[in-house]
Amino acid sequence: MPDTAPQPPYGGYPAPPPYATVPGPIASPGAPGPQPPRTSPSTREDLRAVIAARRDLGPDYEDALVDSFLDKLDVEIAARVRGEVAAHLQQQGPRPPRKDAGVAVALGSLGIGVPLTAIAAGTAHGAGMLLAWCGIVGVNLAYALSRRNSR
């Protein structure tokens with residue numbers, strides 16, 4: 001019989017923290033760390049109800065009970081995340097206005113337009129040049145309209 005020594009937990013790696021921490025100020029030594037989020041009373045009651053229902057109904061309904069509880073838990077987690085995000089956005093305040101990239105689009109259009117004009121003129125003459133510049137104007141017009149709608 002081979003000797004099997006008990007394996008250390010987590011394959012010898014340090015144990016993970018009991019909950020995720022949120023970056024913030026570093027606490028002084030001996031100060032209590034961040035507390036794990038508290039579950040709501042309704043979540044505790046729901047879990048107790050699922051366990052009681054599992055006892056009453058037996059293992060045949062276990063998957064349905066677990067799925068139902070997880071659905072309720074997903075809704076609660078989503079509500080908490082929305083609340084955290086809203087609180088974070090309120091703390092940040094209004095965002096500074098974005099710099100307009102219109103100059104970059106205009107210069108890019110001219111930079112692409114020069115070689116495109118030469119190629120179009122060499123291969124398709126006047127009709128090719130007209131088509132190339134209609135495309136460039138279309139791109140700039142679409143950019144201008146998208147900027148106007150986002151304001």
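A residue counts as buried under 20% relative accessible area and as exposed over 50%, with partly exposed in between. Asp 74 has a relative accessible area of 48%, and therefore it is partly exposed. The model is a predicted one, and the points below are grouped by topic.

**Overall architecture**
- The protein chain contains 3 helices and 0 strands, and its pattern, read along the sequence, is α-α-α.
- Of the 151 residues in the protein chain, 11% are buried, while the accessible surface comes to about 13000 Å², with 65% of that area belonging to carbon and sulfur atoms.
- When contacts between residues at least 6 apart in sequence are considered, 45% of them join residues at least 24 apart.

**Surface patches**
- A patch of negative charge on the surface brings together Asp 63, Asp 67, Asp 71 and Asp 74, and Asp 74 itself is located in helix 2, which spans residues 62-92.
- Val 103, Leu 107, Leu 110, Met 129 and Trp 133 make a nonpolar surface patch of about 480 Å².
- Met 129, a member of that nonpolar patch, lies in helix 3 (residues 102-150), and it counts as partly exposed because its relative accessibility is 32%.

**The segment before helix 1**
- Ser 40 belongs to the segment that precedes helix 1 (41-57), and, leaving aside residues up to four places away in sequence, Ser 40 touches Glu 76 and Arg 80.
- Although Ser 40 and Glu 76 are separated by 36 residues in sequence, their C-alpha atoms are 9.0 Å apart in space.

Notes:
Residues are numbered from 1 along each chain as its sequence is written. This is a predicted model: local features need pLDDT of at least 70, side-chain atom pairs count only at pLDDT 80 or more; totals for chains, interfaces and linings use all residues. Side-chain values use heavy atoms; hydrogens and water are left out. Patches are made of residues with over 30% relative accessible area and no salt bridge: like charges are joined within 9 Å, nonpolar side chains (Val, Leu, Ile, Met, Phe, Trp, Tyr) within 5 Å. Accessible areas come from the Shrake-Rupley method with a 1.4 Å probe; for residues, only the protein chains shown count as cover. A salt bridge is a side-chain nitrogen of Lys or Arg within 4 Å of a carboxyl oxygen of Asp or Glu. Helices (H or I, at least four residues) and strands (E, at least two) are DSSP runs, numbered from the N terminus. Buried means under 20% relative accessible area, exposed over 50%, partly exposed in between (1.4 Å probe, protein chains only). Lys and Arg count as positive and Asp and Glu as negative; His and the chain ends are not counted. The place of a charge is taken as NZ of Lys, CZ of Arg, CG of Asp or CD of Glu. Contact means heavy atoms within 4.5 Å.
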